[in-house]
Amino acid sequence: MAATHIRFDWAIKKQLRDKANYVVLEGFISELLGEVITIESILESESNRGTQDNKLNRVDILALNSAGELLLVEVQNSSENDYFQRMLFGVSTLITEYLDKGEPYSKVKKVYSINIVYFPLGQGQDYIYQGKLDFIGRHIQDRLEPSNLQKELFKIEQVYQIFPEYYILRVKQFNDVTRNSLDEWIYFLKNSEIKEDFQARGLAQAKENLRIESLPNTEKAAYQKYLEDKRYEISMLEGAEAVGELRGREEGIKQGREQGIKQGIKQGIEQGIEQGIQQERRASLERILQLRFGTIPSEISETIQGLDIQQVDNLMATALTASSLDEFSQHLPK
């Protein structure tokens, strides 16, 4: 039976920065890159400074491996339209930050940008994407390769080995079917569970070291608070999206109504549209409450169905900020 473990973003904030737990991070990155990775140290940089506080959206960790390469692992929980640009900025910052003044360009460090995202970044059907740079001939489609001297000097075989590599793991797109050892890691990242038959590198140590019940009481309380904050943030975001969607529908209905009036649509159709708006608003209010508090008692649902538009609008903010259904119900009309 699978055991429930600490979320990976919390582990990055706390457990994985300890040398005793490097083997967990080494295992994950080794499975992702397809080669054995040894971590020499966890670094502090401008890009990840201050991320050990209780930020909900993003956490990251920067490691230096035995080959002198930088490994930036970032977990992003909520949607950001400019996330691709931020990936580029983060890597660029690391490259300049770790090249001392006066050092030759040959000292530029290879950077692996590993991005674990819990939202549908971009458009695509896969859940793992890799990006690396190659130079391809415009006319004969050949690949530009390093000279023999460059291969010897820089210990490379291909030009792309110099440039940053990007990995994007779109965790929510994973269907929970594990076909290989990397999928076992994706399963853990998505579900915070490690099945007994998982064999991927690092998961055996993660199974032991990242158990929730193994946390000290003070840290366990902090972790539970983190989970509550995360659930609250998700409900706020989904509630805001529901309200935004409703307002968009209202605007579309309003424009359609105005156009219909110009075309001579009768008053009865207008009344039908108004009734539709009222029903949409009531449904949106109930959806927000369900996202935050679960099943809604029938008496509250019945009361909501009897509210007019103005009353529903007045209750939207309360639904997003109330700490409980009881607190929300105190604001319902008697």
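# Briefing on a predicted protein model

Aspartate 183 has its place in helix H5, and the model in which it is described here is a predicted one. The protein chain has 334 residues, of which 42% are buried, and its secondary structure comes to 11 helices and 8 strands.

**Aspartate 183 and its surroundings**

- Aspartate 183 has a relative accessible area of 2%, and because the cut-off for a buried residue is under 20%, aspartate 183 counts as buried.
- The side chain of aspartate 183 meets that of arginine 179 in a salt bridge, with a distance of 3.6 Å from N to O.
- When neighbours within four places in sequence are left aside, the residues in contact with aspartate 183 are Tyr127, Phe174, Val177 and Thr178.
- Between aspartate 183 and alanine 200 the C-alpha to C-alpha distance is 8.7 Å, while in sequence these two residues are 17 residues apart.

**Salt bridges elsewhere in the structure**

- Searching the whole structure gives 13 salt bridges, among them the one between arginine 179 and aspartate 183 already described.
- Glutamate 165 and lysine 110 form another of these side-chain pairs, at 2.9 Å from N to O; because glutamate 165 lies in strand S7 (residues 165-170) and lysine 110 in the loop between helix H3 (83-97) and strand S5 (111-117), the pair ties together parts that are 55 residues apart in sequence.

**Aromatic rings**

- The structure holds 10 aromatic pairs, including an edge-to-face pair of phenylalanine 8 and phenylalanine 188, whose centres are 6.4 Å apart and whose planes lie at 85° to each other.
- This pair links distant parts of the chain, since phenylalanine 8 belongs to helix H1 (residues 8-13) and phenylalanine 188 to helix H5 (residues 181-191), 180 residues apart.
- Phenylalanine 8 counts as buried at 3% relative accessibility, and phenylalanine 188 is likewise buried, with a relative accessible area of 1%.
- Phe8 and Phe188 belong to a cluster that ring pairs also extend to Phe28 and Trp185.

**Charges over rings**

- Lysine 110, the partner of glutamate 165 in a salt bridge, lies over the face of tyrosine 112, at 5.2 Å from the ring centre.
- Lysine 132 places its charged end over the ring of tyrosine 160, at 3.8 Å from the centre of that ring.

**Strands S4 and S5**

- Strand S4 (residues 70-76) pairs with S5 in the parallel sense, over 7 bridges, and within this pairing leucine 71 has tyrosine 112 of S5 as its bridge partner.
- In a regular strand, side chains alternate between the two faces of the sheet.

**The chain as a whole**

- Taking the contacts in the protein chain between residues at least 6 apart in sequence, 66% join residues at least 24 apart.
- The protein chain exposes about 18,500 Å², and 49% of this area is supplied by carbon and sulfur atoms.

Conventions: Residues are numbered from 1 along each chain as its sequence is written. This is a predicted model: local features need pLDDT of at least 70, side-chain atom pairs count only at pLDDT 80 or more; totals for chains, interfaces and linings use all residues. Side-chain values use heavy atoms; hydrogens and water are left out. A salt bridge is a side-chain nitrogen of Lys or Arg within 4 Å of a carboxyl oxygen of Asp or Glu. Helices (H or I, at least four residues) and strands (E, at least two) are DSSP runs, numbered from the N terminus. Buried means under 20% relative accessible area, exposed over 50%, partly exposed in between (1.4 Å probe, protein chains only). Contact means heavy atoms within 4.5 Å. Accessible areas come from the Shrake-Rupley method with a 1.4 Å probe; for residues, only the protein chains shown count as cover. Rings of Phe, Tyr and Trp (its six-membered ring) pair if their centres lie within 6.5 Å; planes under 30 degrees apart count as stacked, over 60 as edge-to-face and the rest as tilted. A charge sits over a ring if NZ of Lys or CZ of Arg is within 6 Å of the ring centre and within 35 degrees of the ring normal. Two strands pair if DSSP finds at least two bridges between them.
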